[in-house]
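Open the model in your viewer and keep the selection tool ready. The stops follow below.

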Amino acid sequence: MSGPRRDVGVYLVTDGALADRHGVGVLGVVRAAVHAGVGIVQVRDKDASARDLLALAAAVADAVGDRAVVVVDDRLDVALAARHAGHRVAGVHLGQSDVPVTVARALLGPDAHVGLTANTLEHLTAVERLPRGTVDLLGVGVVHPTATKADHPPALGHEGFARLAAATEVRCVAIGGITLDDVVPLRAAGAAGVAIVSGICAAADPGSAAAAYVTAWGPGTGHAAEATRSGRGDPFLPASSHHGADS
């Protein structure tokens with residue numbers, strides 16, 4: 001690793017079914033979580049149509065995009081459409097089977113956010129071969145088995161996560177079955193942040209749940225939107241409406 005890497009802190013991944021469990025809904029969860037200090041929100045709904053995911057991403061971006069980074073899970077087309085329409089969607093988080101991150105970077109532009117899921121050393125080696133700045137953030141996991149991703153790879157545990165985080169210069173956010181007890185050890189293991197799904201989305205009081213994770217992470221993060229990376233624009237600043245003409 002070279003140079004300082006700003007922390008992301010607590011990273012919310014949405015789940016509509018879990019958010020509806022207590023009648024809060026995705027927008028209610030997102031608003032409460034961002035108010036509690038969550039700085040980045042990944043809009044995820046594996047079963048939604050492109051049109052429905054676009055509507056959800058737009059609603060989330062309109063609700064919190066001025067205070068948090070909003071990214072779309074998997075769907076580059078949806079992220080581009082939202083940005084084209086002027087919504088504060090910062091970019092996309094892609095899986096290994098989605099469109100290549102090089103394509104996402106080319107279409108979204110240098111100042112957008114491009115995240116990528118990685119869970120093996122081979123994945124990290126491939127990232128290291130890319131032009132610097134192609135990928136802003138890696139989602140590394142799963143740390144523990146989790147019901148929110150049935151087809152997940154073998155669990156890494158804290159030590160497995162630490163090995164992967166140490167093998168790349170790109171910031172790594174830990175994901176997969178993370179509880180409050182995992183937060184401090186994962187930060188010590190090199191995590192730039194922790195991605196939480198059920199721990200916030202399924203909570204009866206998502207704001208309090210999010211605040212507990214933010215407190216457990218500790219100081220030194222601020223909003224993810226304040227984080228900067230030298231060399232080019234700020235991928236953690238929410239996209240402004242002018243991106244519509246650029247995308």
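Start at G37, which comes after helix 2 and has a positive phi near 120°. Helices here are DSSP runs of H or I with at least four residues, strands are E runs of at least two, and both are numbered from the N terminus. This is a predicted model, with local features needing pLDDT of at least 70, side-chain atom pairs pLDDT 80 or more, and totals for chains, interfaces and linings using all residues. Numbering runs from 1 along each chain as its sequence is written, and side-chain values use heavy atoms, without hydrogens or water.

Step back to helix 2, residues 25-35. G25, V26, V29, V30, A33 and V34 are buried there (under 20% relative accessible area; exposed is over 50%, partly exposed in between; 1.4 Å probe, protein chains only). Their cover includes strand 1, helix 3 and helix 10.

Next, select A50, L53 and L54 in helix 3. They meet D77, V78, A81 and A82 in helix 4 (contact: heavy atoms within 4.5 Å).

Now pick D77 with R75. Their side chains form a salt bridge, 2.7 Å from N to O (a Lys or Arg side-chain nitrogen within 4 Å of an Asp or Glu carboxyl oxygen). D77 is partly exposed at 41%, and R75 is partly exposed at 29%.

Move to D66 and R67. This salt bridge has its closest N and O atoms 3.5 Å apart. D66 counts as exposed at 52%.

Finish at R105 and D136. Their salt bridge spans 2.8 Å between the closest N and O atoms. R105 sits in helix 5, D136 in the loop between helix 6 and strand 6, 31 residues apart. Both are buried.
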